[in-house]
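Please read the points below with the model open beside you.

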Amino acid sequence: AVVSTQSTGEADELQQFFASMNVIARKDDILAFFDRVDTDKDGTVDFDEFVTFLEEILSERYSGDEVLDAFNLIDEDGSGSVSHEEVAKAMQKADVGIKPGDIVHLLKEADLNEDGTICFSEFRSLLFGL
């Protein structure tokens, strides 16, 4: 779906969307949003532009101490990165309902530099799909 940056009706819909996420946004904020998110300046916000924006918002909203605290809890040896085993152990302990094979697959995807560990930025990407 493509959102036109020229439509005030769609700005109203976007304002309602933000409200559903407990984000209060004025109409002028929405227009500023359109200007910021429409990176190719074609007058529309396409799906990829919108997803990029949502990822940015989520990372800003949850980039504080909560995520770092969670990372440090998993980093049992205090090395500053977490091994696949540490993450798998934490996920099993938290009983998140993920099968061991799925955990292995998820961790392989999260380990972007393929060094066998997950650094904090990779951990954030694992949580938020960034």
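Predicted model: local features only at pLDDT ≥ 70, side-chain atom pairs only at ≥ 80, totals over all residues.

1. Residues are numbered from 1 along each chain as its sequence is written, and side-chain values use heavy atoms, with hydrogens and water left out.

2. The largest nonpolar core has 12 residues, including V67, F71, V82, M91, L107 and F123. (A nonpolar core is a set of buried Ala, Val, Leu, Ile, Met, Phe, Trp, Tyr and Cys residues joined through side-chain atoms within 4.5 Å; buried means under 20% relative accessible area, exposed over 50%, and partly exposed in between, with a 1.4 Å probe and protein chains only.) Helices α4 (65-74), α5 (84-93) and α6 each supply at least two residues of this core. (Helices, H or I of at least four residues, and strands, E of at least two, are DSSP runs numbered from the N terminus.) Another core, of 8 residues, lies apart from it, and A25, F33, V45 and F53 are among its members.

3. In α2, I30, F33, F34 and V37 are buried. They lie on the same side of α2, because they cover an arc of only 100° around the axis; the arc is that of the directions from the helix axis to the C-beta atoms. An α-helix has 3.6 residues a turn, so residues three or four places apart point the same way.

4. The structure holds 2 salt bridges, a salt bridge being a side-chain nitrogen of Lys or Arg within 4 Å of a carboxyl oxygen of Asp or Glu. One joins the side chains of E76 and K89 (3.5 Å, N to O). This pair links distant parts of the chain, with E76 in the loop between α4 and β3 and K89 in helix α5, 13 residues apart. Both E76, at 48% relative accessible area, and K89, at 42%, are partly exposed.

5. K41 forms a salt bridge with D35 (3.5 Å, N to O). K41 sits in the loop between α2 (27-37) and β2 (44-45), and its phi is near 55°, a positive value in a residue other than glycine. The residue K41 is exposed, with a relative accessible area of 51%.

6. Where does S83 lie? S83 is in strand β3 (residues 82-83) and is buried, with a relative accessible area of 18%. Leaving aside neighbours within four places in sequence, S83 is in contact with G116 and T117, where contact means heavy atoms within 4.5 Å.
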